[in-house]
Amino acid sequence: MTAAKAMDRPVLEIDNLVIAYKDQDAFHSVVHGVSFAVRPGEVVALVGESGSGKTTTAQAVIGLLAENGRLESGAIRLNGTDISKWSQKQLDTIRGSKISLIPQDPTSSLNPVKTIGEQVGEILKIHGRGDKKAIEARVTELLARVGLSHPELRARQYPHELSGGMRQRVLIAIAIALEPALIIADEPTSALDVTVQKRILDLIDDLRREFNTAVLLVTHDLGVAADRANHLVVLQGGRIQERGPTAEVLSAPRSPYTRKLLADAPSLAKPQRVSKANTGSDEYAIVVENLVQDFPVKNGRETFRAVDGVSFRVRKGTTHAIVGESGSGKTTTARNVVAFQKPTSGRIVVDGADVTALRGENLRQFRRKIQLVYQNPFGSLDPLQSIFQIIEEPLLNFGRIAREDRTRKVHDILERVGLPESTLTRKPRALSGGQRQRVAIARALVLDPQVLVLDEAVSALDVTVQAQILGLLDELQQKLGLTYLFISHDLAVVRQIADTVSVLHDGRQVDSGTVEDVFLRPGSDYTRELIDAIPGTKTFALA
Amino acid sequence: MSRYLIGRIGQALIVLWAAFTISFILLQSLPGDAILIKFLNPELGLGPEQIADIRASYAVDVPAWTQYAHSILNFLTGNFGYSVQAGVPVSHVLLANLPSTLRLATLGFLAAAVLAAAISFLSTLIAFSWLRSIIQSLPALFIAVPVFWLGIMLIQIFSFQLRLIPVINPGEWEALILPVATLAIPISAPIAQVLMRNIDHVLTEPFIAVARAKGASRNWVLWRHVTKNALLPTLTIAGILFGELLAGAVVTEAVFGLNGIGSVTQQAVNNQDIAVLQAIVVFSAAAFVVINLAVDLLYPVFDPRLRIKKEATA
């Protein structure tokens with residue numbers, strides 16, 4: 001009876017919450033009247049793109065809004081008590097003990113100059129749980145509970161000595177240390193590799209069941225939300241577009257925005273593209289044979305083999321994807337192909353030219369044929385140049401082209417990537433992430449290259465923007481006959497865009513072939529593990 | 001580690017050699033010389049032959065490159081030559097004046113560090129925004145003030161107006177208060193600026209949010225998480241500021257009439273006492289190099305990320 005009653009009462013109730021940020025002198029609302037509830041043992045996912053207000057809402061719950069943010073109205077009830085008007089001092093008593101946080105980026109979420117043990121022990125110390133010895137014992141116990149081997153050793157290590165996944169385990173250990181009623185998981189795995197992501201989400205699931213904790217999961221990834229949440233709250237521009245039980249929202253979305261999100265999510269959507277793997281040209285744009293790349297380590301006393309015997313061929317006008325997790329050698333392979341790095345051994349032929357033999361002026365001229373688009377559209381554009389200057393610059397590097405011709409060329413390319421002419425006079429900071437990535441693609445295309453190397457080119461973008469950019473890439477490929485080498489950690493995206501694929505693991509090529517073959521009949525356990533770890537696949541298979 | 005150390009010491013030696021050579025060239029190319037300034041004085045009544053003898057005894061007329069070779073060999077054996085003005089070995093002049101300058105510089109530096117820390121942490125802790133902006137603008141003011149003017153103003157205010165510190169025959173430590181303040185104020189400014197920026201930066205780091213989410217109060221976070229991370233980059237600035245400290249000591253000693261390397265430098269410049277100047281340049285360069293080497297070697301002690309990695313464990 002009492003247990004059932006406790007089940008009914010929500011741990012967290014958000015009621016008509018309005019949050020504003022101060023900009024210049026005025027406050028502007030960014031969250032407009034959001035309401036939802038989280039019950040014990042339940043996972044509620046706040047889903048939305050950047051700017052949707054999901055993180056702001058989560059920060060408000062734990063009382064850690066940015067300095068220029070404030071709660072305008074509404075209530076935040078924790079176990080029935082409204083904490084929205086509490087002072088920071090009052091909130092200090094419940095933070096950590098009643099509500100805890102699993103943050104987004106494990107690499108920067110631990111103090112670099114304190115040991116793991118100190119940082120896990122700190123939460124016990126703040127809330128006065130036991131003397132030094134008791135805390136030490138509890139720290140070891142917690143580290144073991146979150147699945148870290150050698151917990152005593154870990155406690156003495158510093159954050160930089162642990163991998164990203166291990167650090168996230170440490171942060172989870174901190175979050176569960178006092179068995180709080182509510183855990184806020186703010187994009188807890190978006191900085192992690194997909195196989196690590198799965199293990200971390202499994203761990204959070206286990207712990208939630210063990211302690212009957214309520215979990216507020218903030219995520220941009222509908223796949224993750226679909227797999228892990230009981231309830232979805234879909235946010236857009238600070239307003240709830242839709243909320244309800246996960247299965248209902250996914251199978252019968254009522255709002256057009258949710259339908260669009262579902263259509264754009266690569267892990268949930270069916271690939272609609274017609275594969276050109278077998279119908280493309282007979283000519284190869286890229287041929288890589290037995291590529292090996294060694295790097296000296298420990299002052300040159302030893303070598304580390306980053307790429308170990310990778311071979312693939314890409315037909316003209318098709319897309320080849322190189323998939324792998326961090327440290328798999330995928331970026332090194334890309335750098336070899338664009339001749340930024342001379343391989344230790346192996347052969348690379350791009351458009352009939354042996355890349356490894358190129359030097360000096362020949363190498364410079366070769367760069368016209370093959371261009372690179374980087375992951376981060378914020379860092380890869382010079383903030384002081386106008387968009388026109390950014391797109392024009394490659395033309396200035398190759399030969400004398402009359403000013404009118406350059407201007408015409410820039411305008412043509414801009415139209416091709418779907419940007420309005422008014423963009424040309426702007427600076428990068430005035431553009432959104434998606435617009436910037438279009439600029440980066442325009443800059444790469446202005447020299448009329450044959451091959452585009454896309455290094456995680458859509459990874460930093462929201463799903464709807466990601467879908468638009470993938471659509472643009474597809475359209476450009478068809479119109480211009482471009483060949484893509486698509487570097488990605490995201491198998492779901494690869495399935496959307498690539499014709500053929502190579503899967504890399506620790507520098508070795510563990511699988512290769514057409515996308516269909518590799519996805520349906522993976523040749524290695526690792527590829528199978530990668531495919532299983534794609535969030536949303538369970539739900540997708542059921543739907 | 002030892003390979004790194006040998007490399008760093010090698011670099012330090014090159015810097016010292018360069019400092020010696022450049023100062024040698026500059027000092028040699030100055031018009032006039034110390035012997036003419038001292039001995040051509042008509043009151044001494046020296047004839048041209050006697051002056052020629054003196055010149056020969058100081059070996060000032062041999063070719064410059066011979067002098068260069070001689071003095072570099074002498075420096076290597078610890079012989080810094082003779083002060084023309086004082087008529088004693090340069091090493092005696094330096095040793096006699098070093099302790100007081102060392103005391104002034106050390107106290108000045110400590111005072112600067114305390115002042116910088118006080119400004120930075122107060123600017124974070126104080127709740128009133130008007131007071132905070134006043135404190136935050138102090139470093140810019142401190143940098144803009146010339147040392148000689150600051151010294152004179154401090155004497156004016158504290159000795160003549162308020163009569164807090166006697167100008168005539170002050171106590172040994174009492175006499176140091178104003179010079180130390182004069183030296184410390186401009187040095188504290190860049191440290192405070194860097195420290196304030198670091199504190200602001202560290203406060204935005206995700207690990208601070210994690211600490212707050214543990215239930216840590218603002219002060220807990222400030223002392224246990226922000227301080228050490230914010231202080232680390234200031235170490236480099238502190239090493240570089242040592243040069244400022246020397247320059248500041250020259251002016252401060254002149255303004256307050258204190259004995260020390262600063263006043264020796266000033267006199268040597270007036271009298272073109274090249275041997276003394278050469279020794280001071282090399283001595284300053286050596287101190288600068290040693291302090292910055294010490295800073296670099298100290299970093300791993302404070303920052304675990306810079307320690308040599310142990311073998312990765314399973």
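A:E210 and A:R145 form a salt bridge, their closest N and O atoms lying 2.6 Å apart. A salt bridge here is a side-chain nitrogen of Lys or Arg within 4 Å of a carboxyl oxygen of Asp or Glu. A:E210 belongs to helix α8 (residues 194-211) of chain A and A:R145 to helix α5 (residues 132-145) of chain A, so the pair ties together parts that are 65 residues apart in sequence. Helices (H or I, at least four residues) and strands (E, at least two) are DSSP runs, numbered from the N terminus.

This is a predicted model, where local features need pLDDT of at least 70, side-chain atom pairs count only at pLDDT 80 or more, and totals for chains, interfaces and linings use all residues. Residues are numbered from 1 along each chain as its sequence is written, chains are lettered from A and ligands numbered from 1 in the order in which they are written, and side-chain values use heavy atoms, with hydrogens and water left out.

**Salt bridges**

- Side chains of opposite charge can pair when their charged atoms come close.
- Over all chains, the structure holds 34 salt bridges.
- A:E210 is partly exposed, at 46% relative accessible area. A:R145 is partly exposed too, at 32%. The cut-offs are: buried under 20% relative accessible area, exposed over 50%, partly exposed in between (1.4 Å probe, protein chains only).
- A:K260 forms a salt bridge with A:D264, with 3.3 Å between the closest N and O atoms. The two are 4 residues apart in helix α11 (residues 256-264) of chain A, so about one helical turn separates them.
- A:K260 is partly exposed at 41%, whereas A:D264 is buried at 16%.
- In chain B, B:D303 forms a salt bridge with B:R305, the closest N and O atoms being 3.0 Å apart. B:D303 is buried at 7%, while B:R305 is partly exposed at 38%.
- A network of salt bridges links A:K198, A:D202, A:D205, A:R208 and A:R228.

**The sheet that contains β3**

- Which strands build this open sheet of chain A? The order is β6-β7-β8-β3-β9-β10, 6 strands with mixed pairing. Two strands pair if DSSP finds at least two bridges between them.
- At the edges stand β6 (99-102) and β10 (239-245) of chain A, each pairing on one side only.
- Neighbouring strands of this sheet are turned by 15° against each other on average, direction ignored. Axes are lines fitted to C-alpha atoms, for helices over the stretch in contact, and angles run from 0 to 180 degrees between N-to-C directions.
- β3(A) pairs with strand β9 (residues 231-236) of chain A in the parallel sense, over 4 bridges. A:V44 has A:H231 of β9(A) as its bridge partner.
- Helix α7 (residues 164-176) of chain A packs on the sheet and touches β6 and β7 (182-186) of chain A. The direction of α7 makes about 175° with that of β6(A). Contact means heavy atoms within 4.5 Å.

**The sheet that contains β13**

- Another open sheet has 6 strands in the order β16-β17-β18-β13-β19-β20 (chain A), with mixed pairing.
- β16 (370-373) and β20 (508-514) of chain A are at the edges with a single partner strand each, so one side of each has no neighbour in the sheet.
- β16(A) and strand β17 (residues 451-455) of chain A pair in the parallel sense over 4 bridges. There, A:I370 has A:V451 as its bridge partner.
- Helix α12 (residues 330-337) of chain A packs on the sheet, touching β13 (319-323), β16, β17, β18 (483-488) and β19 (500-505) of chain A. The direction of α12 makes about 150° with that of β18(A).
- Helix α17 (residues 463-480) of chain A lies across β13, β17 and β18 of chain A, at about 155° to β18(A).

**Two residues of chain A**

- A:S52 sits in the loop between β3 (43-47) and α2 (54-61) of chain A. Is A:S52 buried or exposed? A:S52 is buried, at 3% relative accessible area.
- A polar atom of the A:S52 side chain lies 2.8 Å from the backbone oxygen of A:E49.
- Beyond neighbours within four places in sequence, A:S52 is in contact with A:L235, A:Q236, A:G237 and A:G238.
- A:G117 is in helix α4 (residues 116-126) of chain A and is buried at 15%. Leaving aside neighbours within four places in sequence, A:G117 is in contact with A:V139 and A:A155.

Technical notes. Polar contact = N/O pair within 3.5 Å; in protein donor to acceptor, adjacent residues only side chain to side chain.
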